[in-house]
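Please open the model in your viewer and keep the selection tool at hand. The stops below are meant to be taken in order, each with something to select and something to look for.

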Amino acid sequence: MERRVVIGVGNEYRRDDGFGPRVVAELAERRRHDPRLAGVDLRVSDGEPARMLEAWTGADVAVVVDVARGGPPGEWTELALPRTAEPATSGHGFGLGATVALAHELDRLPRRLVALVAYGVEFGFGTGLSDVVAAAVSPVAERVCELGAPS
Amino acid sequence: MTHRHDRLIDVPGLARVEGEGAMHVRVRDGEVEDVRLEIYEPPRFFEAFLRGRRHTEPPDITARICGICPVAYQMSACAAIEDACGVTVPPTIAALRRLLYCGEWIESHVLHIYLLHAPDFLGYDSALDLARDRRDLVERGLALKKAGNDLMEAIGGRAIHPVNVRVGGFYRTPAPADLAPLRERLRTALDQALETVRWVAGFEFPPFYHDHEMLALTEPGRYAIESGSIVTTGGLEFGVRYFERHVVEEHVPHSTALHAHLAGRGRYLTGPAARYTLNQRWLSPLAKEAAEAAGLGTQCRNPYRSIVVRAVETVYAVEEAIRLIDAYEPPPFPAVPVPSRAAAGYGATEAPRGTLFHRYELDADGMVTSARIVPPTAQNQAAVEDDLARFVAGRLDLDDHLLTHQCEQAIRNYDPCISCATHFLDLHVERS
């Protein structure tokens with residue numbers, strides 16, 4: 001049986017940074033009636049590299065849901081994750097690209113690794129997504145369902 | 001090499017620290033004029049956020065301050081709330097809390113040793129480069145870290161932001177059979193932890209020392225983690241409830257962060273080196289033996305050697321976890337009642353990075369009317385700045401790139417958990 005994992009990365013107390021965990025919460029709700037999510041391992045992470053590796057090691061499909069700056073707020077994109085290191089300036093000194101590169105060195109990449117990244121606008125202290133980012137939760141969750149469906 | 005007397009170095013990001021912040025060094029006429037470590041303090045945000053919440057909520061809310069040390073926040077919050085309510089948890093619950101805390105120490109220390117700090121000593125830019133050359137070492141680190149993760153998941157419900165902790169104890173407690181597989185993994189982890197001490201003891205440590213007063217919890221008979229009273233190397237001894245009498249926080253012009261100092265005494269340092277220096281006699285015989293073989297002596301005043309202390313504390317945490325599992329008796333109830341009352345309560349525990357203090361005031365309805373959180377990284381700011389000023393003064397002949405790189409390494413010695421306090425760490429060395 002395929003092992004499928006969805007990892008929502010972020011901090012729900014930093015507004016739009018809580019996008020990943022929010023999508024995972026939505027998926028947990030959907031799983032009760034959506035057979036495409038049966039058996040899918042739903043996780044929330046702060047992006048710490050060792051935990052990310054542990055979460056996706058041995059998975060056939062891993063979907064990382066995260067938020068980024070620098071794009072049109074509320075829009076989202078699907079990325080095949082790069083295997084090269086990026087400048088290590090993220091929250092725990094390791095960007096997602098560097099984590100992927102480390103996984104590559106250690107033969108810990110899942111068979112298929114996809115990132116769904118929404119562009120946030122508000123990263124201050126506090127709970128609750130901005131309206132534009134909240135609007136992306138449902139379509140991203142739907143895309144996760146498509147990606148997570150058994151092949 | 002530069003021959004300028006006035007310099008400005010600006011580095012856009014300091015890598016391999018927990019979280020983000022800003023660092024400025026100003027050199028004028030060949031003299032270090034100013035060193036500022038800027039962090040913006042989410043604990044201040046959380047303190048406001050906690051007001052008006054029920055007395056049962058701080059452990060869950062404050063756990064979100066940091067993904068690396070959520071247990072520390074939960075344990076200090078529980079200790080403070082239970083103190084306010086006049087409740088002491090039974091020894092069986094206290095032991096389970098200590099076991100959970102061991103998991104966090106293992107996880108946090110091993111992350112820092114292998115992925116963040118060791119590359120500095122071995123000439124690698126990152127753990128990724130280390131993994132390319134020495135995959136076996138990184139694999140060992142990840143395996144050892146997983147032992148901590150497993151403890152966190154088994155007792156806390158999950159490895160990040162554990163959900164099983166509550167005021168008065170836990171929502172559910174594990175059966176002894178749930179912990180038995182962990183014990184076997186911890187036996188292997190103990191060997192890996194001892195190998196880690198031997199490995200890091202062989203690193204080359206720059207001869208750099210400090211004379212800061214050091215502060216830690218202490219508890220006669222065992223290495224203090226989740227309880228104890230406070231002592232300093234300068235001879236201060238006081239109960240946790242008197243923390244604010246002895247530790248004064250003040251605003252400094254250059255930062256939104258508060259700087260802590262000991263009243264009438266000045267800067268101080270908390271964290272693994274302080275714990276070791278004040279409490280090494282309470283380490284287990286095996287951890288003591290490992291420390292001695294690693295050449296640590298009775299105190300640690302070279303910040304570069306903090307990596308060895310973390311490795312020794314990892315040995316202790318693994319061994320202590322095994323001991324606690326062997327002695328484990330499920331509590332008759334997962335939690336004891338904690339009825340609220342109008343009172344103030346104080347709690348402090350040893351987070352991986354140092355003493356973490358919480359205070360809460362509750363009203364008669366059990367609502368939080370005020371909260372105070374003093375994380376270790378904020379306490380260490382003044383001492384780190386002092387170290388950096390001396391560090392830079394002795395290295396002004398270095399070019400900006402190398403000087404900045406070495407400053408980053410010096411900051412990493414303290415494993416600053418700036419994610420407890422900020423969201424980006426820029427390093428600026430200004431020579432003007």
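The tour goes from confidence to the overall make-up of one chain, and then to single sites.

**Before selecting anything**

This is a predicted model, in which local features need pLDDT of at least 70 and side-chain atom pairs count only at pLDDT 80 or more, while totals for chains, interfaces and linings use all residues. Residues are numbered from 1 along each chain as its sequence is written, chains are lettered from A and ligands numbered from 1 in the order in which they are written, and side-chain values use heavy atoms, with hydrogens and water left out.

**Stop 1: colour by confidence**

Colour both chains by pLDDT, the predictor's confidence in each residue, from 0 to 100. For the complex the predictor gives an ipTM of 0.81 and a pTM of 0.89. Chain A has a mean pLDDT of 86, with 89% of its residues at 70 or more, and residues 85-93 of chain A stay under 50. Chain B has a mean of 88, and 88% of its residues reach 70 or more; over residues 8-19 of chain B the pLDDT is below 50. Where pLDDT is low, the predicted coordinates should not be read in detail.

**Stop 2: chain B as a whole**

Select chain B, which holds 13 helices and 15 strands; helices (H or I, at least four residues) and strands (E, at least two) are DSSP runs, numbered from the N terminus. Of its 432 residues, 64% count as buried, where buried means under 20% relative accessible area, exposed over 50%, and partly exposed in between (1.4 Å probe, protein chains only). Counting contacts (heavy atoms within 4.5 Å) between residues at least 6 apart in the sequence of chain B, 74% join residues at least 24 apart.

**Stop 3: annotated positions in chain B**

Next select B:Glu47, B:Ile373 and B:His423, which UniProt lists in an unreviewed entry under "binding site"; UniProt positions are given in the numbering used here, feature names are shortened, and annotations may be inferred rather than shown by experiment. B:Glu47 sits in helix 1 (residues 42-50) of chain B, and B:Glu47 counts as buried because its relative accessibility is 9%. Setting aside residues up to four places away in sequence, B:Glu47 touches B:Ala371, B:Arg372 and B:Ile373. B:Ile373 itself belongs to strand 14 (residues 368-374) of chain B and is buried, with a relative accessible area of 0%.

The "binding site" annotation in an unreviewed UniProt entry also covers B:Cys69 and B:Cys420. B:Cys69 lies in the loop between helix 2 (58-62) and helix 3 (70-85) of chain B, and is buried at 3% relative accessible area.

**Stop 4: helix 13 of chain B**

The buried residues of helix 13 of chain B include B:Leu403, B:Cys407 and B:Ile411. At the start of this helix, a side-chain oxygen of B:Asp399 comes to within 2.7 Å of the backbone nitrogen of B:Leu402.

**Stop 5: a glycine in chain A**

Finally, select A:Gly120, in the loop between strand 5 (112-119) and helix 4 of chain A. Is A:Gly120 buried or exposed? A:Gly120 is buried, because its relative accessible area is 10%. Apart from neighbours within four places in sequence, A:Gly120 is in contact with A:Asp16, A:Val67, A:Ala68 and A:Val133. The C-alpha atoms of A:Gly120 and A:Val67 are separated by 6.1 Å, although these residues are 53 apart along the chain.

Key:
A polar contact is a pair of N or O atoms within 3.5 Å; within protein, one must be able to donate a hydrogen and the other to accept it, and residues adjacent in sequence count only if both atoms are side-chain atoms.
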